[in-house]
Amino acid sequence: MPFDTELTRRLGIKVPIVQGGMQYVGYAELAAAVSNAGGLGILTALTQPTPDDLRKEIQKTRTMTKNPFGVNITLLPTLQPPDYGAYAQAVIDEGIKIVETAGNSPGPVITKLKKAGVIILHKCTTIRHAQSAIKLGVDFLSIDGFECAGHVGESDITNFILLSKARQTLKVPFIASGGFADGQGLAAALCLGAEGINMGTRFMCTVEAPIHQKIKEEIVKAQETDTALVMRRWTNTTRLYRNKVTDAVIKIERDSKTGEFAEIAPYVSGKRGRQVFTNGDPDYGVWTAGQVIGLIHDIPTCDVLVKRIEKEAEETLTSKLKLAKPKLSLHPAI
Ligand code: NAD
């Protein structure tokens with residue numbers, strides 16, 4: 001096993017790569033493929049219409065991989081508030097041992113999951129939120145830089161600062177999220193003090209990602225400048241793939257006299273956005289993508305991708321940096 005970090009040891013995975021939760025992407029097919037490749041695949045709870053559907057998706061994933069996989073529970077504003085407690089209960093009942101949490105006021109959900117012995121990776125975009133999550137007893141932080149897809153937070157700190165600040169200040173191990181697509185990125189994250197990386201957009205552009213081929217091709221064509229930030233006015237800033245719909249949202253957000261969320265709701269609705277993934281029209285609705293979209297140039301299987309990242313990281317940490325070949329047992333060996 002070339003990589004031996006706190007993350008691989010605690011989660012029982014081979015490669016320190018987590019596939020982050022992605023609404024309407026994190027189904028069994030992708031989670032199982034990532035776990036089979038040696039990383040940690042993650043199902044996205046709210047992608048399932050009900051907690052019972054989540055139970056079925058967990059059972060389906062179990063038939064597709066024998067390796068560990070997790071579930072993401074994100075607590076952010078929604079047009080129809082879900083019963084987070086019931087989703088957490090489904091996770092516990094199905095024997096899931098790893099959960100990625102994200103969003104606001106995660107206390108009750110984290111407490112419930114911790115009582116059931118679940119390992120929590122909590123995603124956050126500020127050190128202050130990381131400190132609060134540590135008080136709740138989380139096992140890992142997933143430090144999410146401003147480069148990331150989806151909910152970027154409101155303080156706009158990119159990973160070069162955020163990861164080192166995490167290393168300097170946090171007493172709990174962390175992984176790096178936002179801006180990762182290759183082994184050079186993994187090597188850099190480990191050097192900055194992370195125990196592994198989280199990738200979302202990169203995994204959307206794999207053979208097994210259950211989204212339309214045309215969207216994967218759109219990702220391959222895209223540049224790092226092709227994302228847009230919306231919803232800052234409602235303190236829910238979100239990075240999306242820039243398209244006709246985000247242009248319309250930005251205009252309303254700038255010009256609206258009322259500032260009512262209802263004015264943009266039909267544009268940013270997840271129901272509409274998910275159809276992008278089935279009809280293949282990148283302009284049909286909103287869909288999340290990180291700035292890393294500019295670094296993605298192919299559509300490999302998860303297995304090919306994870307193996308390539310592992311090899312690139314190993315080469316970067318050895319021959320490229322001209323160090324004596326380390327055992328890659330990171331922290332403090334590096
Ligand atoms: P949705 O259709 O309910 O809402 C669409 C978007 O508007 C979301 O970004 C949501 O956060 C935002 N929103 C809704 N009401 C709002 C309000 N009153 N004020 C400010 N912003 C508001 O969302 P969906 O696409 O069905 O997703 C369900 C939930 O999952 C949302 O909270 C969404 O943000 C979250 N999500 C999770 C992931 C993940 O990785 N797990 C990824 C994307 C989105």
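Ala, Val, Leu, Ile, Met, Phe, Trp, Tyr, Cys and Pro count as nonpolar, Asp, Glu, Lys and Arg as charged, and the others, Gly among them, as polar. By that scheme, the shell around the ligand holds 10 nonpolar, 10 polar and no charged residues. The model is predicted, so local features need pLDDT of at least 70 and side-chain atom pairs count only at pLDDT 80 or more, whereas totals for chains, interfaces and linings use all residues. Residues are numbered from 1 along each chain as its sequence is written, and side-chain values use heavy atoms, with hydrogens and water left out.

**Ligand site**

- Among the 20 residues around the ligand, those that come nearest are Gly21, Pro77, Leu79, His151 and Gly270; a residue is near if one of its heavy atoms lies within 4 Å.
- The ligand lies between domain 1 (6–211 + 298–320) and domain 2 (227–288), because both give residues to its shell; the domain bounds come from an automatic or database assignment.

**Polar atoms facing the ligand**

- A polar backbone atom of Gly21 is 2.6 Å from an oxygen atom of the ligand, and a backbone N or O atom of Gly270 lies 2.7 Å from an oxygen atom of the ligand.
- Asn236 places a polar side-chain atom 2.9 Å from a nitrogen atom of the ligand.
- Of the 760 Å² of accessible area that the ligand has on its own, the protein covers 82% (Shrake-Rupley method, 1.4 Å probe).

**Second largest pocket**

- The lining of the second largest pocket divides into 8 nonpolar, 5 polar and 1 charged residues.
- H8 gives the largest share of this lining, 4 residues.

Methods:
A polar contact is a pair of N or O atoms within 3.5 Å; within protein, one must be able to donate a hydrogen and the other to accept it, and residues adjacent in sequence count only if both atoms are side-chain atoms. Helices (H or I, at least four residues) and strands (E, at least two) are DSSP runs, numbered from the N terminus.
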